[in-house]
Amino acid sequence: MLNISIVLYHPAWEQEVLPLVNELLRVKNLRKIYLLDNSEKEWLKEHVDMQQAPPSSKKLRYMVMPTNLGYGKAHNIALRESAYYKTELHLVMNSDIRVKAEDIDAMHDWMTVHPEVGQLMPRVLNPDGTQQYLAKRLPTPLDVFGRRFLPSWMIAKRNARYELRDKDLDRPVNAPYLSGCFMLLRTRAAVEVGLFDERYFMYPEDIDLTRTIHRKWLTLYYPEWSIIHAHAQASYKNSHMLRVHIRNMCRYFNKWGWFIDRERTLFNGNI
């Protein structure tokens with residue numbers, strides 16, 4: 001069985017959340033969808049209550065956070081319930097994803113017969129059908145801050161390598177960093193490594209979790225299935241989110257190492 005968690009912060013209910021929820025309720029292997037609202041008020045409750053007609057009422061849970069907990073900490077609430085109820089798989093995803101229910105069921109069935117896989121991410125596409133390069137090598141400070149602040153021509157070659165454009169992305173890749181926009185997790189794997197590190201408010205929690213799962217399991221980019229992601233890139237448009245991004249990436253490098261990270265060297269070399 002499968003649980004799904006989506007963290008919300010003032011999303012567009014009619015345009016974004018409702019179509020996604022309606023599609024996810026069609027997933028045959030679904031146990032429960034958790035809508036974790038970081039907006040700090042029950043502004044979605046009326047919409048969700050209207051949605052909760054049988055059989056949806058048992059499969060949709062709306063939870064308002066007492067304050068904005070951040071991305072990973074909010075998802076951990078649902079992940080702990082998956083662990084408590086021994087739900088085999090848990091899908092962490094963004095609300096700006098478009099995916100077919102039958103594809104989630106196919107990914108679920110594939111994961112159940114491949115116990116060596118701790119995490120899976122399908123091919124991720126832009127709304128216009130072009131590929132998003134969201135399976136990556138583990139970043140160095142230059143990879144993170146260079147692509148944000150240096151001219152694109154100066155960082156282009158390094159950025160392409162960081163985004164695994166030197167690999168055949170029509171084939172599966174065991175990558176140490178998979179995007180948090182869609183993380184199909186083996187619950188046991190996520191629990192054993194400690195779930196999302198709650199010291200990160202937002203951004204590097206997906207790098208951190210993937211690399212820790214990668215130590216013992218395969219963390220696969222698997223292009224047999226594809227999803228659409230309306231990538232917001234909030235830190236490129238909002239100065240506050242830029243500061244959040246920088247602050248949390250500094251926490252990441254303080255934890256793992258800025259210029260010396262032997263595990264990063266090992267994992268990146270083994271791809």
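**Entry 1: helix H5 against helix H9**

I began with the pair H5 and H9, which are roughly antiparallel to each other, a class that requires an angle over 145 degrees, whereas under 35 counts as roughly parallel, 65 to 115 as roughly perpendicular and the rest as oblique. The model is predicted, so I note that local features need pLDDT of at least 70 and side-chain atom pairs count only at pLDDT 80 or more, while totals for chains, interfaces and linings use all residues. Residues are numbered from 1 along each chain as its sequence is written, and side-chain values use heavy atoms, with hydrogens and water left out.

I looked up the geometry: the axes of H5 and H9 (residues 239-256) cross at roughly 165° and come within 11 Å. Axes are lines fitted to C-alpha atoms, for helices over the stretch in contact, with angles from 0 to 180 degrees between N-to-C directions. Helices (H or I, at least four residues) and strands (E, at least two) are DSSP runs, numbered from the N terminus.

I then listed the residues in contact (heavy atoms within 4.5 Å). Pro141, Val144, Phe145, Arg148 and Phe149 of H5 meet Leu242, Ile246, Met249, Cys250 and Phe253 of H9. By class, this contact holds nine nonpolar, no polar and one charged residues. Here Ala, Val, Leu, Ile, Met, Phe, Trp, Tyr, Cys and Pro count as nonpolar, Asp, Glu, Lys and Arg as charged, and the others, Gly among them, as polar.

I checked Phe149 of H5 separately. Phe149 is partly exposed, at a relative accessible area of 47%; buried means under 20%, exposed over 50% and partly exposed in between (1.4 Å probe, protein chains only). Beyond four places in sequence, Phe149 contacts Leu242 and Ile246.

**Entry 2: helix H5 against helix H6**

I turned to H5 (residues 141-149) and H6 (residues 152-162), whose axes lie 10 Å apart at an angle of about 125°. H5 and H6 are therefore oblique to each other. In this contact, Leu142, Asp143, Gly146 and Arg147 of H5 meet Ile155, Arg158, Asn159 and Tyr162 of H6. The classes here are three nonpolar, two polar and three charged.

**Entry 3: nonpolar cores**

I looked for nonpolar cores, that is, sets of buried Ala, Val, Leu, Ile, Met, Phe, Trp, Tyr and Cys residues joined through side-chain atoms within 4.5 Å. The largest has 46 residues, and those with the most contacts inside it are Ile4, Leu24, Leu35, Met93, Val99 and Phe182. Helix H1 (residues 13-24) gives the most to this core, with six residues. Another core, of 20 residues, lies apart from it and includes Val7, Leu69, Leu185 and Phe196.

Which residues does Phe182 touch? Not counting residues up to four places away in sequence, I found among them Leu91, Met93, Val99, Met107, Pro122 and Ile227.

I followed Pro122 to strand S6 (residues 117-125). At 0% relative accessibility, Pro122 is buried. Its C-alpha atom is 8.3 Å from that of Leu220, 98 residues apart along the chain. Beyond four places in sequence, the contacts of Pro122 include Phe182, Tyr221, Tyr222 and Trp225.

I placed Asn268 in helix H10 (residues 262-270). Asn268 is buried, with a relative accessible area of 12%. The C-alpha atoms of Asn268 and Pro176, 92 residues apart along the chain, are separated by 7.4 Å.

Last, I checked H8 (residues 205-214): 10 of its 10 residues are buried, so H8 is largely enclosed by the rest of the structure. Glu205, Asp206, Asp208 and Arg211 are among these buried residues.
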